[in-house]
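Let's take a walk through this structure together. Have the sequence and the model in view, and follow along strand by strand.

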Amino acid sequence: MSSTDLGYVNRNQQRNNGKTNMPGTDNLQWFYDMECLHCGHKYYANGSDIFQRKCPKCQGGRP
């Protein structure tokens, strides 16, 4: 499974809930809806960052 696939869960227990229609902040990337499986916090991440993201609320990740 690719990190940009719907339902992908990274090593920090962050789940990709799908691609948005918003352009990301990294070169030629899109924002993806992310959800922390620890605390339920939802946030956006560039497609290129999904594999390494940490929750900004409970794991000290980038907002």
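In this predicted model, 3 strands form an open sheet in the order E1-E2-E3, with antiparallel pairing. Strands here are DSSP runs of at least two residues (helices, H or I, need at least four), numbered from the N terminus, and two strands pair if DSSP finds at least two bridges between them. E1 and E3 are the edge strands, each pairing on one side only. On average, neighbouring strands of the sheet are turned by 35° against each other, direction ignored; the axes behind such angles are lines fitted to C-alpha atoms (for helices over the stretch in contact), and angles run from 0 to 180 degrees between N-to-C directions.

A word on the ground rules before going further. Residues are numbered from 1 along each chain as its sequence is written, and side-chain values use heavy atoms, leaving out hydrogens and water. Because this is a predicted model, local features need pLDDT of at least 70 and side-chain atom pairs count only at pLDDT 80 or more, while totals for chains, interfaces and linings use all residues.

Strand E1 covers residues 14-23 and is joined to E2 by 5 bridges, the two running antiparallel. Along this pairing, Lys-19 has Tyr-32 in E2 as its bridge partner, and Pro-23 stands opposite Trp-30 in E2. The hairpin leaves 6 residues between E1 and E2, and in its turn Leu-28 has a positive phi of about 60°.

How enclosed is E2 by the rest of the structure? It is largely enclosed, because 5 of its 7 residues are buried. Buried means under 20% relative accessible area, exposed means over 50%, and partly exposed lies in between (1.4 Å probe, protein chains only).

The largest nonpolar core has 6 residues in all: Tyr-8, Tyr-32, Met-34, Tyr-43, Ala-45 and Ile-50. Such a core is a set of buried Ala, Val, Leu, Ile, Met, Phe, Trp, Tyr and Cys residues joined through side-chain atoms within 4.5 Å. Strands E2 (30-36) and E3 (42-46) are the elements that give two or more residues to this core. Leaving aside residues up to four places away in sequence, Ile-50 touches Ser-3, Thr-4, Tyr-8, Asn-10, Asn-16, Tyr-32 and Met-34, where contact means heavy atoms within 4.5 Å.

One of those neighbours of Ile-50, Asn-10, deserves a stop. Asn-10 lies in the segment before E1 and is buried, with a relative accessible area of 2%.

Finally, look for the rings. The structure holds 1 aromatic pair: Phe-31 and Tyr-44 have ring centres 6.1 Å apart and planes at 35°, so the pair is tilted. Rings of Phe, Tyr and Trp (its six-membered ring) pair if their centres lie within 6.5 Å; planes under 30 degrees apart count as stacked, over 60 as edge-to-face and the rest as tilted. Phe-31 lies in strand E2 and Tyr-44 in strand E3, so the pair ties together parts that are 13 residues apart in sequence.
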